[in-house]
Structures are given as structure tokens and as C-alpha cells.
Amino acid sequence: MNSFFETVSQFTILSADSKQAISSRLKRFELPKGHIIVKPDTICNYLYFIESGLTRTYYFKDGKDVTDWISDEHSFACSIISFISRKPDRRAIELLEPSVLLALHYDDLDELCSQHHDIENLFRKLVAFGLVQLQEKFDELHFSTALQRYQTLMALHPSFIQRVPLGMIASYLGITQETLSRIRSQI
């Protein structure tokens with residue numbers, strides 16, 4: 001639980017009452033590799049904090065599995081469009097490693113936000129941070145070369161190359177596995 005509060009302290013300072021209120025609502029899950037925490041075409045009911053482990057968010061397009069996000073320790077995993085809109089999303093979230101997750105249900109978060117201004121502020125800042133991350137990924141896919149995208153990934157998340165299958169990394173970078181192999185052989 002400490003890692004959760006250390007991470008959120010980067011966004012805002014929570015009062016002792018707010019920390020206690022969140023602690024009482026967080027659910028802890030220890031789940032195996034391969035477990036699907038959000039199934040495709042369902043509503044994402046939880047905001048997940050990854051205490052340990054690794055997740056990938058993916059969808060199917062033209063019969064292919066496309067990885068569009070990877071989250072590791074001390075970050076969040078969620079189908080944000082579904083979580084906020086309360087509508088099903090095509091995306092699924094899978095555990096790539098055995099993982100320990102802290103999960104906050106939408107209804108609990110909604111209630112906590114109405115009772116605690118600092119929790120509402122935290123959620124607003126988390127959503128804003130997520131939007132910035134998505135825009136940066138969108139910009140990278142549109143304005144960076146495959147090599148630049150790979151270099152950025154390695155600079156920000158060097159452990160992914162050992163932890164994530166290369167096909168998923170290629171998909172995440174918007175390139176073929178062959179292109180990824182060529183890039184890796186050049187470096």
C-alpha cells in the first residue's frame with residue numbers, strides 16, 4: 001500500500017483522512033500471468049495500481065492482436081474510456097507476469113471524490129496525466145521513426161525488452177516484428 005501512496009504523492013498530497021478512506025476501499029489481488037483483468041467488450045469497473053508485475057492493454061483488429069499500452073510497477077492500468085464513460089470497450093487488459101494489484105472500484109472512487117476534495121483532485125490529475133501520455137504516444141506514432149520510437153521505449157522502460165515478448169513490443173511501437181529485429185540488430 002505504501003507504493004500506492006508514494007506514487008500518488010507525485011500528483012497531489014492527500015490528507016490522512018483521505019488516505020484512510022482510500023485504504024479502506026482498495027482491494028488487493030495477487031493474480032497469475034495470463035489472467036485477464038478486463039475482458040474485451042466489457043465495462044472496466046476498476047482502476048488498477050500495479051504494485052508488482054506487468055500488464056498490457058490490447059485489442060483485436062483484422063484478426064490480429066494489437067498491443068496499445070504496457071504498464072509496469074507503480075503505474076496504473078485501466079480502460080480509461082470505459083471506466084469514465086461506463087460503456088464497454090474493445091480493449092482487454094492482460095497480466096504479462098504474476099502481479100499484485102490494488103484495485104479501486106468506480107463506485108467507490110466516485111463516492112470518495114464526492115466526499116474528499118483532495119481525492120477528486122487526485123483523480124482529475126491522474127486523468128490529465130493519462131491524456132498527456134496518450135497524446136505523446138499518438139504523436140510518437142505519427143511523427144517519430146520506428147527507430148526513434150524504439151529508442152524512446154528503451155530510455156523510458158529498458159526492462160520491457162526482457163519482460164515483454166518482442167511481438168508485443170513491435171505491436172506497441174506500431175511496427176512489424178521484422179522491423180523491430182532489424183532495429184535491434186543495428187543498435
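Phe123 sits in helix H5, which covers residues 117-143. The model is predicted. An open sheet of 4 strands is also described below, in the order E2-E7-E4-E5 with antiparallel pairing.

- Leaving aside residues up to four places away in sequence, Phe123 is in contact with Phe83, Ile84, Leu109 and Cys113.
- Phe123 and Gly34 are 89 residues apart along the chain, and their C-alpha atoms are separated by 28 Å.

**The sheet**
- The order of the open sheet is E2-E7-E4-E5, and the pairing is antiparallel.
- Strand E2 (36-38) and strand E5 (64-72) stand at the edges; each has a single partner strand, so one side of each lacks a neighbour in the sheet.
- On average, neighbouring strands of this sheet are turned by 30° against each other, direction ignored.
- E4 and E5 run antiparallel and are joined by 8 bridges.
- Arg56 has Ile70 in E5 as its bridge partner.

**Helix H8 against the sheet**
- Helix H8, residues 166-173, lies across E4, E5 and strand E7 (92-95).
- The direction of H8 is at about 90° to E5.

**Thr55 in strand E4**
- Thr55 belongs to strand E4, which spans residues 54-61.
- With a relative accessible area of 0%, Thr55 counts as buried, because the cut-off for that class is under 20%.
- Not counting residues up to four places away in sequence, Thr55 touches Ile50, Trp69, Ile70, Ser71, Ala77, Ile93, Glu94, Leu95 and Leu96.
- Ile70, one of the residues touched by Thr55, is also the bridge partner of Arg56.

Notes
Residues are numbered from 1 along each chain as its sequence is written. This is a predicted model: local features need pLDDT of at least 70, side-chain atom pairs count only at pLDDT 80 or more; totals for chains, interfaces and linings use all residues. Side-chain values use heavy atoms; hydrogens and water are left out. Helices (H or I, at least four residues) and strands (E, at least two) are DSSP runs, numbered from the N terminus. Buried means under 20% relative accessible area, exposed over 50%, partly exposed in between (1.4 Å probe, protein chains only). Contact means heavy atoms within 4.5 Å. Two strands pair if DSSP finds at least two bridges between them. Axes are lines fitted to C-alpha atoms, for helices over the stretch in contact, and angles run from 0 to 180 degrees between N-to-C directions.
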